[in-house]
Amino acid sequence: MILHLRNCLTMLFHRAILLSGSPLSPLSLVRDPVYYGHQVAKLVNCSPDMQHMHLLNCLRDTPLDKLLNAQLRVPEFTTAFGPSVDGVIIDVGTAAESSRLGSQSNGQDIGPGRPPEDPKELVLANGFGPAILANPSARQRLLSRLSRFDLMLGVVRAESFFAFTGDDVQYGIEADRRTKILKTYVKNTYKYHLTEILATIVNEYTDWDRPVQHPVNIRDETLEALSDAQVVAPVINTADLHSANRRNSYLFVFDYQTKYGDYQQVSIDDRPQLNLLISINFDS
């Protein structure tokens, strides 16, 4: 979030902790906020055809419980609630514009396939991360903004655990179920070269040394693929960018599980390490 904010707002922050999230993640922005806004308007009896200010006033007058109970149609592995590119609070002008100008000057496309020309559409089509990382000028601007903060980043053992049903967790999944899950993720995340991306994920996250693919192993490999794509890889990219500026950068894996969780519970001997981790002094 702090990487999306306009320069005047970033001055309010000096340190940040990112747990299981990153501005470079596909989930960091809502790609079509107007569409979801119109969905909410219809569900609470506010016509989306109203003039902008009238629609805002109608939504503001709607009771909170009615807004919270609005059931939106949201594609899997995407989000309808979160930051969006509004040009006021979240400004992609410098980063996205640099990406666009860079692609025009060196003849290279940004992200998978040919990007749109509009800076905002560039970010929304390919994601904030690819649009930034693929272009040296935009990357340098991001580094400059990152260098203002001390940053701690963390991930957990199974980031995408809740993408699976109870039966998936208990018994594992077959190859066709894995293909369906990953195909849905690729379709709802990327715009171009979907077949090639899906084939690459399946190839890289399959243990070809096993003579038989057990359902539990397929489940674990699929969990790892989704976790890496949605959380771990964007977090590591952010940590790499931040540490390049020689700021105080910390990266940790939180491996604790509750007594009734699906993995082994943390031992008493691990608690001092946990307390030490949480109480790290950024000034040291």
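Start by selecting His193, which is partly exposed at a relative accessible area of 48% (buried means under 20%, exposed over 50%, partly exposed in between, with a 1.4 Å probe and protein chains only). His193 sits in the loop between helix H10 (175–189) and helix H11 (194–204); helices (H or I, at least four residues) and strands (E, at least two) are DSSP runs numbered from the N terminus. Its phi is near 55°, a positive value in a residue other than glycine.

A word on what you have open: this is a predicted model, where local features need pLDDT of at least 70, side-chain atom pairs count only at pLDDT 80 or more, and totals for chains, interfaces and linings use all residues. Residues are numbered from 1 along each chain as its sequence is written, and side-chain values use heavy atoms, with hydrogens and water left out.

Next, go to Asn45, in the loop between helix H2 (33–43) and helix H3 (52–61). Here too phi is positive in a residue other than glycine, near 65°. Is Asn45 buried or exposed? Asn45 is exposed, with a relative accessible area of 65%.

Now colour the three strands of the open sheet, ordered E1-E2-E3 with parallel pairing (two strands pair if DSSP finds at least two bridges between them). E1 (15–19) and E3 (249–254) stand at the edges with a single partner strand each, so one side of each has no neighbour in the sheet. Zoom in on E1 and E2 (residues 150–156), which pair over five bridges in the parallel sense; there, Ala16 stands opposite Leu151 in E2.

Finally, show helix H12 (residues 215–243), which packs on the sheet and touches E1, E2 and E3 (contact means heavy atoms within 4.5 Å).

Note on methods. Axes are lines fitted to C-alpha atoms, for helices over the stretch in contact, and angles run from 0 to 180 degrees between N-to-C directions.
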